Protein chains: 4
Amino acid sequence: MKNKPKVTVWNEFRHEKADPAVLAIYPEGIHGAIAGFLRAGGFPVRTATLDEPEHGLTQEVLDDTDVLIWWGHMAHGEVQDAIVDRVQERVLNGMGLIVLHSGHFSKIFKRMMGTSCNLRWREAAEKERIWTIANGHPIAKGVGLHFELPHTEMYGEYFDIPEPDVLVFVSWFAGGDVFRSGCCWQRGFGRVFYFAPGHETFPIYYDENIQKVISNACLWAADHKQHTAEFGHVPEPLEPLD
Amino acid sequence: MKNKPKVTVWNEFRHEKADPAVLAIYPEGIHGAIAGFLRAGGFPVRTATLDEPEHGLTQEVLDDTDVLIWWGHMAHGEVQDAIVDRVQERVLNGMGLIVLHSGHFSKIFKRMMGTSCNLRWREAAEKERIWTIANGHPIAKGVGLHFELPHTEMYGEYFDIPEPDVLVFVSWFAGGDVFRSGCCWQRGFGRVFYFAPGHETFPIYYDENIQKVISNACLWAADHKQHTAEFGHVPEPLEPLD
Amino acid sequence: MKNKPKVTVWNEFRHEKADPAVLAIYPEGIHGAIAGFLRAGGFPVRTATLDEPEHGLTQEVLDDTDVLIWWGHMAHGEVQDAIVDRVQERVLNGMGLIVLHSGHFSKIFKRMMGTSCNLRWREAAEKERIWTIANGHPIAKGVGLHFELPHTEMYGEYFDIPEPDVLVFVSWFAGGDVFRSGCCWQRGFGRVFYFAPGHETFPIYYDENIQKVISNACLWAADHKQHTAEFGHVPEPLEPLD
Amino acid sequence: MKNKPKVTVWNEFRHEKADPAVLAIYPEGIHGAIAGFLRAGGFPVRTATLDEPEHGLTQEVLDDTDVLIWWGHMAHGEVQDAIVDRVQERVLNGMGLIVLHSGHFSKIFKRMMGTSCNLRWREAAEKERIWTIANGHPIAKGVGLHFELPHTEMYGEYFDIPEPDVLVFVSWFAGGDVFRSGCCWQRGFGRVFYFAPGHETFPIYYDENIQKVISNACLWAADHKQHTAEFGHVPEPLEPLD
């Protein structure tokens, strides 16, 4: 791939407006922080948020997007079903989808997985160590065998997802839990990656390793435009029938 | 398992009413034919159909069902979303789900898969040979390496499903196509099996091998009642935090 | 399955002879301890050890074994290649294989996996908490979402194995590591389960949860005797060629 | 990757010397034909054959190889075990391995798989149609939903391999068989691809689609040099133990 894929960073963008502590960490919103490091890495980046018309995800925007990043939490229910349909169709048609943190409970992630996507959680600012399980996987490039986040929200098993095609990361928590924190799935022509870190009250998206993982995931998930799906009625057989 | 699992056979039951040729093959409905051979095999069986209240799938019925078999085609859109929600939740909680033939386009199968579940098809009464790919899998017990159906509707690749956990059967068609005709997935606590044969204008469900596969699948998919899911807020860590 | 499967417990049986501290924990050998709880659970059990003729694994013994359990460590290199060939062939023909702890480096496990099976390790008597990742899997029956071992040898990632078909357990260690400690694979007609706990200087095999897991694994891995493999030259086509 | 990966094409190179009919099709050997189209596509290519010292696969050659292609048939047993060890170690360390046709029974493929790799076969010059099952997979780029080979040796199920990580191609044969003809696995840091077509008495490697698949597979399997394996004794815990 000569040029880097086009990324659209979607953020619910409500915590930042409602909570000064979150705004202090992410003055341009979580989407602004993610867009920032991706742009610095050479990716063409758009942002879109819940309160824009069509949540900023018009058909035109999606058709011009190779990878969609999704962060949401307190307003999952406000995302219109018609937009979820549109995003799902675009993923099946090749667009990559990267779902972050509390996006595990978003309509689009539950739609793509077919499961409840439920988990266990605790806010105790505890230490998380992220282990690379799929050694050599492109999403883990440059982060080594393990790296740490000093303060995170704990997300723990059981995590109700389909068995990942590839389990890239498993997290260790100081409080005694483990979590499948980086998971890959193929759905139609599209690639889906879930990455757990990213609670809004911690400066997770400024962490260098987190930025590497998300950047790597954008390269991995990008629409490769090799679409050859042929569906429907094929009345003529390829071989003569008696 | 000492006793055989409780099976509910769900059928749309419209083709039989609309088309005398189908009724001639299945005078008691497709559900009646499937229920018949399962009962003969010792399974406790209920049936349920689209036009019953709540499509026959009340919470009480689902709670008393270990495996749900699903056949639908011309009226997928009439299945109420609330009932689809209920069935999905019950599958995630352990009930097995066996989706037959044109059920690939049912709301519940698309819900569980997260993909379009689209495929290629042709009605030419051609020969289908079903090959056992997962040799030794319990669903293939007793059917040997391959068996034939003299006249079937062709379902061909590309089949837009998540990569199966186990690919049990691949079909060969006289007209030159192949199809992943028997596929297993785990979703939550539930097991899902898709089995392709079963066009309403052919007496597929009277075939001895087809009956073996569906009976085997009921045993394989049955709710094993080992549910230990614990989700949600766990404020107390297992290990002391500093 | 009406009767419980026939289990052969294989142990290298050298640590017990060389180290009084180990013998004090396992006066009848590690194989004796494992055979003990399995017999108490109703399994017909044989034992076999390295220093017996043919390591106790004659063709006759293997043919009469549904599940082989393997514990080895200091003398992997003394296991004869011809016996490894024989065990591999029997697994591919349906016998279950349960590999314990340091057996990760045994000839038979490396043979079945095709990888180095290397890992990271530390002997510091630290706490291990085993998490059930494949909720509802028969191997995890009865052990709940997590259980603890107060003192174990740490086995940590990266663990060089093929991606498991099903990842049943992930371990958390007090020292900061994680490990895929319970993994399932299908190989030919045989089922393979690797289970990490079991260092010879700790009384791991007396732990109730460990005994449950190994007993469950014997039921899961047992030879199901549905062998229909047909290999080799098939000069006659099933369909007429022009 | 800016530059194309370095490919070493290994061929047993015995049929060509023993059978004039094979030599007529492949005057420079099967390795010569494969090297030819890869070089034309811009890949740096070496060849190596059985009768060279160390079978042409010195440590130096392997260390300078990103992808190794393997064709063998009548002399699998003559490949030295020490060279098989060396190739396996290099694959686990990142080198891609593409095994062609009768290479399914090579020592190196059986080593990497852990299974018998047996199958059913028939030489009847029948038509094979190769179906793309993993739509959008990079190995299938440019070959469409299906393509045909007018005359091939039939390889049919059951094929005794571990369930592929991704099943890319399934073949339909005129004689009534199916076969998983394109399969991907990750092993250590290395990627393995098995591709079934390629009988020595047919000009398979001159086929444009076959050349596309093998070229695509070289790009897919290439050593990505992201090796971060750390194995062995790690006496110091990451977290303080009590």
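Predicted model: local features only at pLDDT ≥ 70, side-chain atom pairs only at ≥ 80, totals over all residues.
Chain A contains seven helices and 10 strands. Its C-alpha atoms occupy a box of roughly 70 × 40 × 35 Å along the principal axes. The radius of gyration of chain A is 18 Å, which agrees with the value near 18 Å for a compact globule of 242 residues. Buried residues make up 62% of the 242 residues of chain A. Among contacts in chain A with a separation of 6 or more, 71% are between residues 24 or more positions apart.

The contact of chain B with chain D involves 22 residues from chain B and 22 residues from chain D. About 1,800 Å² is buried between the two chains, and 65% of this area lies on carbon and sulfur atoms. On the side of chain B, the most area is lost to chain D by W131(B), I133(B) and W172(B), which together account for 28% of what that side buries. Elements of chain B that contribute two or more residues to this side are β5 (120-132), β7 (166-173) and β8 (178-187). Of these, β7(B) gives the most, with six residues. By residue class, the side of chain B that touches chain D comprises 12 nonpolar, three polar and seven charged residues.

Cis peptide bonds were identified in chain A and chain D. In chain A, the bond from E157(A) to Y158(A) is cis, with omega near 5 degrees. Y158(A) belongs to the loop between β6 (146-156) and β7 (166-173) of chain A. In chain D, E157(D) and Y158(D) are joined by a cis peptide bond with omega about 10 degrees. Y158(D) is placed in the loop between β6 (146-156) and β7 (166-173) of chain D.

Positive phi values occur in chain D at E54(D) and at C117(D), neither of which is a glycine. For E54(D), phi is near 55 degrees; this residue sits in the loop between β2 (45-49) and α4 (59-63) of chain D. E54(D) is partly exposed, with a relative accessible area of 35%. For C117(D), phi is about 60 degrees, and the residue is located in the loop between α6 (107-113) and β5 (120-132) of chain D. C117(D) counts as buried because its relative accessibility is 0%, under the cut-off of 20%.

Technical notes. Residues numbered from 1 in each chain as written. Chains lettered and ligands numbered in written order. Heavy atoms only, no water. Contact = heavy atoms within 4.5 Å. Buried area = accessible area lost by both parts, 1.4 Å probe. Helix = DSSP H or I, 4+ residues; strand = E, 2+ residues; numbered from the N terminus. Nonpolar A, V, L, I, M, F, W, Y, C, P; charged D, E, K, R; others polar. Rg over C-alpha atoms; globule rule 2.2 N^0.38 Å. Buried < 20%, exposed > 50% of the residue type's maximum accessible area, 1.4 Å probe, protein only.
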